[in-house]
Amino acid sequence: MDNVTYSGGQPGVQGGFYGSGGARSKASPNSHHRPNAVASKEDIDKLRNFMQVITELETELSKATTLNAKTIELKSSLKKTIASPALVELLNRLEINSEPVWGLYMEEREMVRNARRKVNTHGAF
């Protein structure tokens, strides 16, 4: 005589239900607990400040009509700001798998993406 067990789903012989074989007991390799997957307000405020400085430098640079000491200084300041370890570290906290972390408004997500684009292309002025 076959031993039929029921614990939900379709009955099976000696083992329960088809498809129930520990489906929930094995975590996928990508389902790690990530407390850093949510953005902190402080990080967003810091990024907003960085982006404001970068925008101001870019605006000043776009107004320059000739290459002189001031434009060279602006380019240098812009490059240093964009390539700063503090900004790179900040972006690393605000991204997971090259995407913005959870808990951001659309405008903030776009700000993270824009900052990453600038960091990745900082040498192309």
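Student: In this predicted model, where is the place of Thr81?

Tutor: Thr81 sits in helix H2, which spans residues 69–82.

Student: Why is Thr81 called buried?

Tutor: Its relative accessible area is 17%. Buried means under 20%. Thr81 falls under that cut-off, so it counts as buried.

Student: Which residues is Thr81 in contact with, leaving aside neighbours within four places in sequence?

Tutor: Phe50, Val53, Ile54, Leu57 and Leu87.

Student: Now Leu91. Which helix holds Leu91?

Tutor: Leu91 belongs to helix H3, residues 85–94.

Student: What makes Leu91 count as buried?

Tutor: The relative accessibility of Leu91 is 0%. The cut-off is under 20%, so the label is buried.

Student: What is in contact with Leu91, beyond neighbours within four places in sequence?

Tutor: Leu47, Val112, Ala115, Arg116 and Val119. Take Leu47: along the chain, Leu91 and Leu47 are 44 residues apart. Their C-alpha atoms are separated by 8.0 Å.

Student: Arg116 is on that list. Where is Arg116 found?

Tutor: In helix H4, residues 106–120.

Student: Arg116: buried or exposed, and why?

Tutor: Buried. Arg116 has 16% relative accessibility. That is under 20%, so the term applies.

Student: Which side chains make a polar contact with the side chain of Arg116?

Tutor: One is the side chain of Asn92, at 3.1 Å. Another is the side chain of Glu95, at 2.8 Å.

Student: Why is the Arg116 and Glu95 pair called a polar contact?

Tutor: The term needs a pair of N or O atoms within 3.5 Å, one able to donate a hydrogen and the other to accept it. The pair is listed as a polar contact at 2.8 Å, so its distance is within the cut-off.

Student: What does Arg116 touch, not counting residues up to four places away in sequence?

Tutor: Val88, Leu91, Asn92 and Glu95.

Student: Next, the loop. Where is the place of Asn97?

Tutor: Between strand S3 (95–96) and strand S4 (99–100). Ser98 lies in the loop between S3 and S4 too.

Student: How do you know that Asn97 is exposed?

Tutor: Asn97 has a relative accessible area of 66%. Exposed means over 50%, so Asn97 qualifies. For Ser98 the value is 63%, also over 50%, so Ser98 is exposed.

Student: What makes phi of Asn97 worth a remark?

Tutor: Phi of Asn97 is near 55°, a positive value in a residue other than glycine. Phi of Ser98 is near 65°, again positive and again not in glycine. Most residues other than glycine have a negative phi.

Note on methods: Residues numbered from 1 in each chain as written. Predicted model: local features only at pLDDT ≥ 70, side-chain atom pairs only at ≥ 80, totals over all residues. Heavy atoms only, no water. Helix = DSSP H or I, 4+ residues; strand = E, 2+ residues; numbered from the N terminus. Buried < 20%, exposed > 50% of the residue type's maximum accessible area, 1.4 Å probe, protein only. Contact = heavy atoms within 4.5 Å.
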